[in-house]
Structure formats: structure tokens, C-alpha cells
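Subject: Structure handover

Hi,

Here is the structure I promised to pass on. Please open it first, then read my notes below.

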Amino acid sequence: MYQVEASKALLKPRLWARQSSRLRVPRNVIMLGAVSLLTDISSEMVATVLPMYLVFSLGASPLAFGAIDGTYRGAAALVQVLSGFTSDRWRRHKEVAGLGYGLSALGKVALVAAGNTIGGVGAIVAVDRVGKGIRTAPRDALISLSSAKDRLATSFGVHRAMDSVGAMLGPLIAFGILLLAPARFDAVFVVSTLFAVLGLAVLFLNVEGKPRRAPREGAPPRFSAALALLKDRSFAPLLLAAAGLSIASVSDALIYVGLQRTIDFEPAVFPLLYVMTAVSFMALAIPVGQLADRVGKVPVLLAGHALLFVVYGVLLMTSVGYLALAVCLVALGGYFASTEGVLTALAGALLPEKLQASGIGILITVVSLGRLVSSLAFGALWFAIGLQSAVLVFVAALGLAMAVAAPLLFRAQRIAPNG
Amino acid sequence: MGSRNGKILFALVGVCLLVGAGYVVAAALGPDETTTEARPQVDGAVLAHAHLMVRAVDPANPRLNGRVYEIDGGKARRRSGDLACERVYFAGGRGICMGVAPSGVDYRAQIFDSQLRPVHEFALTGFPSRARVSSDGRYGATTVFVSGDSYLQAPSAFSTRTVIVDLRSGERVGQLEQFDVTKDGKPFDAVDFNFWGVTFVPGDSSRYYATLGTGGSHYLVEGDIAARSMRVLRDGVECPSLSPDGEQIVFKSRVAGSERWRLRVLDVETLADHAVAETRSVDDQVEWLDNETLVYSYEDDLYTVPADGSGEPQLLVRDASSPVRLDRGI
């Protein structure tokens, strides 16, 4: 059983200590990674079976699931900024993150207790999304505040790798349970709830809420100080660069759709696209983080975006074999490994200690807005001038964004203390 | 921190393991609920000549759904053997049964012969939605819903995949998403292209009609399997279904901006359409009993209504869905 292996492996103190010393990652980061791993197992278990549950047990149309899934994603952006600032203001990153994890855990409990109507499931999914929005910024601030500035990228790499292990294990555990007990979705929800509770327990019992870099004295920051980050001499260029780069990056979902139009692969191969990208990401997140700490976060961030040229190149090929497909997916995983976590690490290094969560919240929001613009633009271009030409436009846009972002990022790093 | 917290956590892990494993084992050893049998209830007074294949539905226990019954002379007869289908179709000696794979967590389509014996099988990448077979049994088409694919993150965004299969060999011929589309004579393509609801032209199995959804429109497309191409005919047509003589198409017409539909019938020659007497929202790919009569499922009961807009909907079979007209028996 995966459940047994995962929990035991993660909760054995000796193993932690060994890993920590070899990688020199703070214990708090490993603990936060364990929290995310357990929480991701919990959420992905539910996400995997929810469509089937709605259709086979509640008799819903799959359309209803699409509506449930899509409706609440927009709400998360605003919540991120507010929860980030609130946790800085109260100096309670752990508690605010705990509220987010707690809401998601409550959602799982509610699914066991009252998930037998479509409206009820919709409300529960909404609560889960809000919980995710609340916890991300304070959690990342805690990772940042737990790490020395020259070890930030490794810390984020370790956290993101653990997080994605959870995302891979969740569906496997859910499928395992349904194989043992066919159609017993309640068993999936119960086990999911237990994982969520364990994640919450690790957070409250083992995560230090005031890590080494956490501000302990001085006045609590005002909202105006958080807003002033938007014109901060080192953080504003970072935001600008992040916005440009995210607009020029085609989302992975669109890349999969594009690949699918180009290659006539067996339908059974399709889920493997996600798996292969995820495995590549998992394998690369930690070494890439270490590399970023050694040679600098900005060069790694730029090199990561350059990997997208490989992906775009494969999309431009008229006939794609399985080798090109594999290269494309490994590059995509490498792109993820060397961008999101490294960017957050860079922000963590630039931001003042008392505004870590606010700044990270703003950054996440800017990046997700950039991705939305990117998706809409790519969709519109595909419609207007076709897939190949749309990819060509994005090749040019990415080149331009990198040319603009590189000086901005290097400047941000130079101005910041100990960047 | 300290060892106290470690002990609490250790105890909690133990409790969670016990509760989780205990619950799963209890669920696995729980009563097997597959002992009773769903059976469609035929209203024999209506259309005694109706000869159909249907999918049985048990309103009390969804796990028993999907057995294949033959409705003939006002009686229901179990036909399926091991087949359990979410959607079924049959014509020209070949059938498609879209259902849950033995793993219980994936979907598959089985191609079956006139004895309802599975001869080929292929994996499906999402929920079974629509199945059709050409009148000569040469080609089949399956549509599935794919989740986790709502790339533009728009509310109610969903995705479909429609695959054409050679029913003799079991080989996949192609996916409609990869065929070329023209509109007003010009190439037409967009990221949000979705195809569903294939209906084959009787007597010419290479030609078909289907729905192309993109940017809020639902186009009726006419396609050619050999040429791997389609052209857009008109807007506002979902789940088309050709009459046996190939002259009319019954389709779902969306009530503007909603997930509700009305059934309408269009003339293939002129593309002009009219309403039928059914006023409830029907979400089905309608079947033709003959050139004048429609049969469709509404809330897991089958109803008939005249295609020319006259008359009233009439209940035909209770607890059944996925109706298939059987021309010469099976």
C-alpha cells in the first residue's frame, strides 16, 4: 500500500535528518514539503475520482463537472494577495496557512458527510479552491524565511519535488482503493480526509511558525507598504519580468492539445504526457534548485524559459515521432523545474523579511494573470492564423520577453541585498 | 517542538492508518450489491412494432446499469452476456459498447458482433458520451468527455474527443480533432475545437455529420472519413442523427446560453428546421424508430414523438437509455 510507505517514509525522523544533512535543507522546509505532500495526496485523490463519482453515483452529466471545476478558479487570485498581506501583518504565516489547509480538510470531511448532491459537491470544491488560495503565499513565505538566502532555490526545489510526489501518489491511492472496493467512493473520501488531517497535524506539530529569518520586532507592516512593493526598486523589475515571461509561455494544457493535433498517438498515450512531464519535473526540481543556488537564480530562470523553445520547436514540426515527443516532455518538465520555484526563491531573496508573504502573493497573482492572458492570446491567435503561426508568434514573444526580462532580473538581483 | 509533538504525530499516524485501512477493508468486504437485476419496463400498448436495443437502467442502484436488452413485440429480453455499457449502438452486424473497464477506474469500448460477443476492444480517454455505427457496420464513432482539460479555465468549459474506428479490424481510423475543417470554403481551426455526436450517412459509410463546438457556436459539419475532412454547414445543431432514408436530421437545439435543449428536425436538402412536440430539455443523441418517429431517453425512460411536429411525446420503455433501432433483428 502506498499509504503505508508514504506516511512511514516521511514521518521517520531519522530519514529526515539524513536527507537534511546531505542536501543541507532546513528541517522546516522538509516539514512544509511533507505537509504539501500529504495535502496533495488528499486533494488529488478526490480530484481523480470526483468526475466518476458525480456521473456514476450522483447521476450528473459530465457537463456539470466541467461547470463545477471551472467556476471557482478565478476567486483564488484576490484571496492570495489578501492572505499574504494578512499573514505578514499578524506575523502569523503558519496560522494563516493552517486556515487554508484546514478549509481544504474541512471540505473533505464535508464530502464524506454531505457530498451526495451536486450543489453540495460544488460548494465543497469552492471551499477547497479558496483554501488553496489562502495557504500558498504564507506557506511559500515560511519556506523562504526558514532558508538562508543563498539556499533558497534548493529549498523551493525540495518543496516542489515533494509536492509533486504527493500529486502523483494521490491518484494511485484512489485507484488502489477503488480496485479493492469498487464504486466505494466514500472509502476514497475517508482516506483522503485522513491524509488532509495528517498534513494539518504535521503543520501544527512540526512546522516552526517563527523560523530563523522571520521578523520578530518592529512595527507590523501596513497595507501601504505592501502596495509600495509594486514600485520597489528591486521587486518591481522582477514583477515586470515575471509578467512578460508568463505571457510569452504557452500553458502546458495548451501544449498537450497542440501536440495532440500534431501527432496521431493512441488515446491511451494521452495521460502519459502528464505523467512524463511530472516525472521529469520531479527528477529535476532539486538538482536545478541546487544549480540555481550555485550559479545564480537569474541565469537558471532564463535557461529554463529557453527550454520552452525546444517545446515550441516540436510543436512546429510537421511530423512528430515518439522520440521528439519525449524530448519535448522532458524539456517541459525541465522548464517547470527551473522557473516557478526558482522565481519564488528569487522573490524570497529580494523581499524584505516583513513583507515576504505579501510580495509572494503579489507575484503569484501577477504570474497567474500573465498565464491567463497567454492562454487567451494563444487561443485567439490559433483561431485567427492557425496553430503553426501562433507558435511562431510565441517564439518571437518569448525571445522578446527574455531579452527584456534578462536586464530587469539582473538589475533586481544587483540592487537587492545578498540577492 | 520536541519529542512530545513527535509522539502525538506518531500516534495520529497510527490512528489514521488503522481507521483508513479498516474503512477500506470493510468497504472491500462489504455486501456485493450486484445480485439483483435491472430490467426495463416496456409499455406494450405503445408502438408494439418497435424493435430496439436498449441499455437497462436501475434507478435504485446505478452499479447495475448497462445490461443490453432487446425490445421486441412489446417485451424486453436480456441480450447482453457480459456487456455492461454506458452507451451502446448497433448496426450492420457490428456494435459498440462504451463502458467502464474491468479495473473499475478506466473506460473502454468493446466492439461486438451480432451474438453480442466482444471481438475487439480499445481504451477510451474519458466518460462515454455518444456511440454510433454506420449502417453497413463498417465504421463506428465514439465520443467521450475529457476532464482536466479546461485549458481556458472558462466556466462550464469541457472537452470532447471523437474517434472513428474501423469495426472490422478494431483499428482507429482517426480522431476528428485531427481532420481538416473548412468554413465558407476557407480553412477553419481554433484551440477550443470540440467534436461530438457523429451520425453516419445511411448507405455511404464514409460520409457522416457531427457537431463542431467552438467559441460558443455549435456547427453542423458534414465530413468524409477517406478525405479526413469536414465542412461547416450551419450553426445551432448538436448531436445530429440522420433518419433511415437520410433525408432528415433530428438534433438538439440549445436554449440560448444554457445547458438546456429542445429537439428540432431539419431537412438535409434545405437545412430548414422545425420543432417537435417534445418541450422538455432532452440531452441525448436521438434515434429514429422509422422515417416518421423519433425515440430518445429522458431521465432514463424512453419516449417517442412524431418527427413532423405533430402529436405528443409518449412513454415507450421505462428504465432504459441509449435506444438503437434494429432493422433486421440481431
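Chain A of this predicted model splits into two domains. Domain 1 covers 2–206, and domain 2 covers 223–415. The two touch: 31 residues of domain 1 of chain A are in contact with 32 residues of domain 2 of chain A.

Which helices build the side of domain 1 that touches domain 2? In chain A, α5 (76–90), α7 (118–146) and α8 (152–180) each supply at least two residues to that side. Helix α8(A) gives the most, with twelve residues. By residue type, this side of domain 1 of chain A holds 15 nonpolar, ten polar and six charged residues.

Now stay with α8(A). Its 29 residues should span 42 Å at 1.5 Å a residue. Is α8(A) mostly enclosed or mostly open? A residue counts as buried if 20 or more other C-beta atoms lie within 10 Å of its own. By that test, 21 of the 29 residues of α8(A) are buried, so the helix is largely enclosed by the rest of the structure.

Next, some backbone angles. Most residues other than glycine have a negative phi. R91(A) is not a glycine, yet its phi is positive, at about 55 degrees. You will find R91(A) in the loop between α5 and α6 (93–114) of chain A. R91(A) has 18 C-beta neighbours inside 10 Å, so it counts as partly exposed.

The other is in chain B. R228(B) has a positive phi near 50 degrees, and R228(B) is not a glycine either. It sits in the loop between β17 (217–224) and β18 (229–234) of chain B. With 14 C-beta neighbours inside 10 Å, R228(B) also counts as partly exposed.

Last, look at a sheet in chain B. What is the order of its four strands? The order is β4-β3-β2-β27, in an open sheet with antiparallel pairing. In chain B, β4 and β27 (320–325) stand at the edges. Each has a single partner strand, so one side of each is left without a neighbour in the sheet. From one strand to the next, the twist averages 30 degrees.

Take β3(B) as your way in. This strand runs over residues 68–72 of chain B, and four of its five residues are buried. On one side, four bridges join β3(B) to β2 (residues 52–56) of chain B, and the two run antiparallel. M53(B) has E70(B) in β3(B) as its bridge partner. L52(B) stands opposite I71(B) in β3(B).

β3(B) also pairs with β4 (residues 75–78) of chain B. Here too there are four bridges, in the antiparallel sense. One of the pairs is D72(B) with K75(B), the partner in β4(B). The hairpin of β3(B) and β4(B) has two residues between the strands. There, G73(B) takes a positive phi near 55 degrees.

Over to you.

Notes:
Residues are numbered from 1 along each chain as its sequence is written. Chains are lettered from A and ligands numbered from 1 in the order in which they are written. This is a predicted model: local features need pLDDT of at least 70, side-chain atom pairs count only at pLDDT 80 or more; totals for chains, interfaces and linings use all residues. Domain bounds come from an automatic or database domain assignment. Two residues are in contact if their C-beta atoms, placed from the backbone, lie within 7 Å. Ala, Val, Leu, Ile, Met, Phe, Trp, Tyr, Cys and Pro count as nonpolar, Asp, Glu, Lys and Arg as charged, and the others, Gly among them, as polar. The expected span of a helix is 1.5 Å times one less than its number of residues. A residue is buried if 20 or more other C-beta atoms lie within 10 Å of its own, exposed if 12 or fewer, and partly exposed in between; C-beta atoms are placed from the backbone. Two strands pair if DSSP finds at least two bridges between them. Axes are lines fitted to C-alpha atoms, for helices over the stretch in contact, and angles run from 0 to 180 degrees between N-to-C directions.
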